[in-house]
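Subject: Structure handover

Hello,

Here is the structure for you to look through. My notes on the helices follow.

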Amino acid sequence: MLKKYMWVFFISMVPLIELRGAIPYAIGFNLPLLPSYIVAIIGNMLPVPIIFLFARKVLEWGADKPVIGKFFSFCLEKGKKGGEKLKAKAGRGLFFALFLFVGIPLPGTGAWTGTLAASLLDMDFKSSILAVMLGVVLAGVIMGVASAGLFGALRIAF
């Protein structure tokens, strides 16, 4: 059982998959929802401060390097473009917009992207982390409800 929780933890740390993939994994393997939810939130939030503090610097450093430059430039452009869109739509409600951006589980809108966008927009550390954390909690609730319904229906059908 501990091994399955470790998988939930590590899956939730992976960019693009994050908690959105860890919760369905946990439910699919019949792990209790609440402990899985807590483990996935911790795993998803663990890289967030590191991303906020260092990702921008690393991406800017690597943008002109021969092998990694194109990818790093792509990440910077995606983060800046996403951040500018978010800022333009949100205006003064940037905190709430970041919360919703992270909280609505769509491809490319997780904690990693939201944190990078907040860093590129020069949001302050505390409000960025809080908005991302609240967004991760919301995404976890949405994924938990959706996954429990889907897997419950599959169990009845089969």
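This is a predicted model: local features need pLDDT of at least 70, side-chain atom pairs count only at pLDDT 80 or more; totals for chains, interfaces and linings use all residues.

The crossing of α5 and α6 is right-handed (the near helix is turned clockwise from the far one by less than a right angle). The contact is made by L86, K87 and A90 of α5 with L94, A97, L98 and F101 of α6 (heavy atoms within 4.5 Å). The axes of α5 (residues 69-90) and α6 (residues 94-103) come within 9 Å and cross at roughly 125 degrees.

Residues are numbered from 1 along each chain as its sequence is written, and side-chain values use heavy atoms, leaving out hydrogens and water.

Next, α1 (residues 2-13) and α2 (residues 18-28). They pack at about 160 degrees, axes 7 Å apart. They are therefore roughly antiparallel. Their crossing is right-handed too. K4, W7, V8, I11 and S12 in α1 meet E18, L19, G21, A22, Y25 and A26 in α2.

Then α4 (residues 48-62). A kink of about 45 degrees is centred on F54 (the angle between axes fitted to the seven residues ending there and the seven starting there). Its buried residues include V48, I51, F52, L59 and G62 (under 20% relative accessible area, 1.4 Å probe, protein chains only).

In α3, S36, Y37, A40, I41, G43, N44 and M45 are buried.

Best wishes

Technical notes:
Buried means under 20% relative accessible area, exposed over 50%, partly exposed in between (1.4 Å probe, protein chains only). Helices (H or I, at least four residues) and strands (E, at least two) are DSSP runs, numbered from the N terminus. Axes are lines fitted to C-alpha atoms, for helices over the stretch in contact, and angles run from 0 to 180 degrees between N-to-C directions. Angles under 35 degrees count as roughly parallel, over 145 as roughly antiparallel, 65 to 115 as roughly perpendicular and the rest as oblique.
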